[in-house]
Amino acid sequence: IELYAKREKLRGYAFSVDNRIQEEFEAAFPFEETDHQIAAINEVKKDMEAIRPMDRLICGDVGFGKTEVAIRAAFKAAMEGKQVALLCPTTILAMQHFNNFKNRFYEYPVAIDLLSRFRTSAEQRKIREQLSGGNLDIVIGTHALLSDQVQYKDLGLLIVDEEQRFGVGHKEKIRQLK
């Protein structure tokens, strides 16, 4: 109860309501949204537009469309100059998300990269520099995102995929980030 009382008092960044660019981006989604997916998208946007920091859980089976919910939230954040981190439990899932994000953001000036063991040490160092300098809008990665070496210039949205697959230590680092 005390934790939730403290959260209610916190003030965060209130994102703007959707604009024409957001609507165009969403209209480019090549599938028809389900009613549940539309409801989840609208709830996430409402949370993002509120002054209170968002803490939302999206649940659904494979094929529910959770990734598109995350993509639209990430787009909203990136278009306002906020950085986005998408944390995944495996390198394969991180790579899948990276490819999906790159495909959806193809026509927009959003810098996206992948931080995982699939990257060389030099590439990882460059990604960390871009994050701390504010030159990377969206980073998708594994536990590497929880490293003390990763610093964000202006993290505005943290998305955790399959949160249940992270251990207690990782969850504590996640709490420190948010």
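**A buried arginine and the core**

Mentor: Let's start with arginine 104, which sits in helix H5 (helices are DSSP runs of H or I, at least four residues, and strands are runs of E, at least two, numbered from the N terminus). This is a predicted model, where local features need pLDDT of at least 70 and side-chain atom pairs 80 or more, while totals for chains, interfaces and linings use all residues. Residues are numbered from 1 along each chain as its sequence is written, and side-chain values use heavy atoms, leaving out hydrogens and water.

Trainee: Is arginine 104 buried or exposed?
Mentor: Buried means under 20% relative accessible area, exposed over 50%, and partly exposed in between (1.4 Å probe, protein chains only). Arginine 104 has 13%, so it counts as buried.

Trainee: What does the side chain of arginine 104 make a polar contact with?
Mentor: A polar contact is a pair of N or O atoms within 3.5 Å; within protein, one must be able to donate a hydrogen and the other to accept it, and residues adjacent in sequence count only if both atoms are side-chain atoms. Here the partner is the side chain of glutamate 68, at 2.6 Å. The arginine 104 side chain also reaches the backbone oxygen of phenylalanine 25, at 3.3 Å.

Trainee: Which residues touch the most other members of the largest nonpolar core?
Mentor: A nonpolar core is a set of buried Ala, Val, Leu, Ile, Met, Phe, Trp, Tyr and Cys residues joined through side-chain atoms within 4.5 Å. In this 30-residue core they are Phe101, Phe105, Ile112, Ile138 and Ile140. Helix H4 gives the largest share, eight residues.
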